[in-house]
Amino acid sequence: MTDRQIVEAVSEGRHEGQTEMVCRYAERVFAMIARQVPDMQDAEELAQDTFLRAFSRISSYDPQRASLSTWLCRIAYRLTLDFLKRRRPQTVPFGDTGDWPDNISDAELEAGLSTAKEERIERLEQLIGELADDERMLLTLHYYEDRPLAEMAYITGIEPGPLAKRLYRIRKKLLKKLSEI
């Protein structure tokens, strides 16, 4: 089935459309959620909720704005952030990057964050875990999901320009903390 046929079948309430949507996209949706929600049972429930919400709101899907996969990830993104806000204690941000140079390039950021040293990797994972939920989700979409900026903008509801700046600031903050080792 094509995505269009899946949407038609789900719109008509046909179970084969729902089954096909879940079979085709469940792994990707679950993987995105599981990177944010460590409890697998909670992650599974959120993935199920994503598809239930998609089935009930299929009429709002617009193939001109996003692929079906991206639309599902947008639903999962919002449900996951809502879940994390309810469940996770508020974290205190680990500081701005105000005393760091503003003109650090993307290449320098990537080089500074990329490392093969095991202790730096562990420290980077720890620092990512300390980020605010929405910042961690942005890094997941960018690095793990390898989503283009336009898709990330659709999923998050943030315009591409401000989103790119936000990603830059998050990476800069991580690099600063990582270099304090």
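Tutor: A residue counts as buried under 20% relative accessible area, as exposed over 50%, and as partly exposed in between, using a 1.4 Å probe and protein chains only. By this rule, 42% of the 181 residues of the protein chain are buried. This is a predicted model, in which local features need pLDDT of at least 70 and side-chain atom pairs count only at pLDDT 80 or more, while totals for chains, interfaces and linings use all residues. Residues are numbered from 1 along each chain as its sequence is written, and side-chain values use heavy atoms, with hydrogens and water left out.

Student: How many helices and strands does the protein chain have?

Tutor: Helices (H or I, at least four residues) and strands (E, at least two) are DSSP runs, numbered from the N terminus. The protein chain has nine helices and zero strands, and its pattern along the sequence is α-α-α-α-α-α-α-α-α.

Student: What share of the contacts with a separation of 6 or more joins residues 24 or more positions apart?

Tutor: A contact means heavy atoms within 4.5 Å. In the protein chain, 69% of the contacts with a separation of 6 or more are between residues 24 or more positions apart.

Student: Which residues of the largest nonpolar core touch the most other members?

Tutor: In soluble globular proteins, nonpolar side chains tend to be buried together. A nonpolar core is a set of buried Ala, Val, Leu, Ile, Met, Phe, Trp, Tyr and Cys residues joined through side-chain atoms within 4.5 Å. Here the largest one has 46 residues, and Met21, Ile33, Leu68, Trp71 and Leu72 touch the most other members. At least two residues of this core come from each of H1 (3-11), H2 (15-34), H3, H4, H6 (118-130), H7, H8 and H9 (160-178). H4 gives the largest share, 11 residues. As for Met21, its contacts beyond four places in sequence include Phe51, Phe55, Leu68 and Leu72.

Student: How is a helix such as H4 checked for length, and what span does H4 reach?

Tutor: The expected span of a helix is 1.5 Å times one less than its number of residues. H4 has 20 residues and reaches 28 Å from its first C-alpha to its last, close to the 28 Å expected. Of those 20 residues, 15 are buried, so H4 is largely enclosed by the rest of the structure.

Student: What about H7, and which of its residues are buried?

Tutor: H7 has 12 residues and should span 16 Å; its end C-alpha atoms are 15 Å apart, which agrees. Its buried residues are Asp133, Glu135, Arg136, Met137, Leu138, Leu139, Thr140 and Leu141. They pack against H2, H4, H6, H8 and H9.

Student: How many aromatic pairs does the structure hold?

Tutor: A pair of aromatic rings is described by the distance of the centres and the angle of the planes. Rings of Phe, Tyr and Trp (its six-membered ring) pair if their centres lie within 6.5 Å; planes under 30 degrees apart count as stacked, over 60 as edge-to-face and the rest as tilted. The structure holds two aromatic pairs. The rings of Phe51 and Phe55 have centres 6.4 Å apart and planes at 45°, so this pair is tilted. Both residues lie in H3 (residues 40-56), four residues apart, about one turn of the helix, and both are buried. Tyr61 and Trp71 also form a tilted pair, 5.3 Å centre to centre with 55° between the planes. Tyr61 lies in the loop between H3 and H4 (68-87) and Trp71 in H4, so the pair ties together parts 10 residues apart in sequence. Tyr61 and Trp71 are buried.

Student: How many disulfides does the structure hold?

Tutor: A disulfide is a pair of cysteine sulfur atoms within 2.5 Å, and the structure holds zero. Cys23 is exposed, with a relative accessible area of 61%, whereas Cys73 is buried, with 1%.
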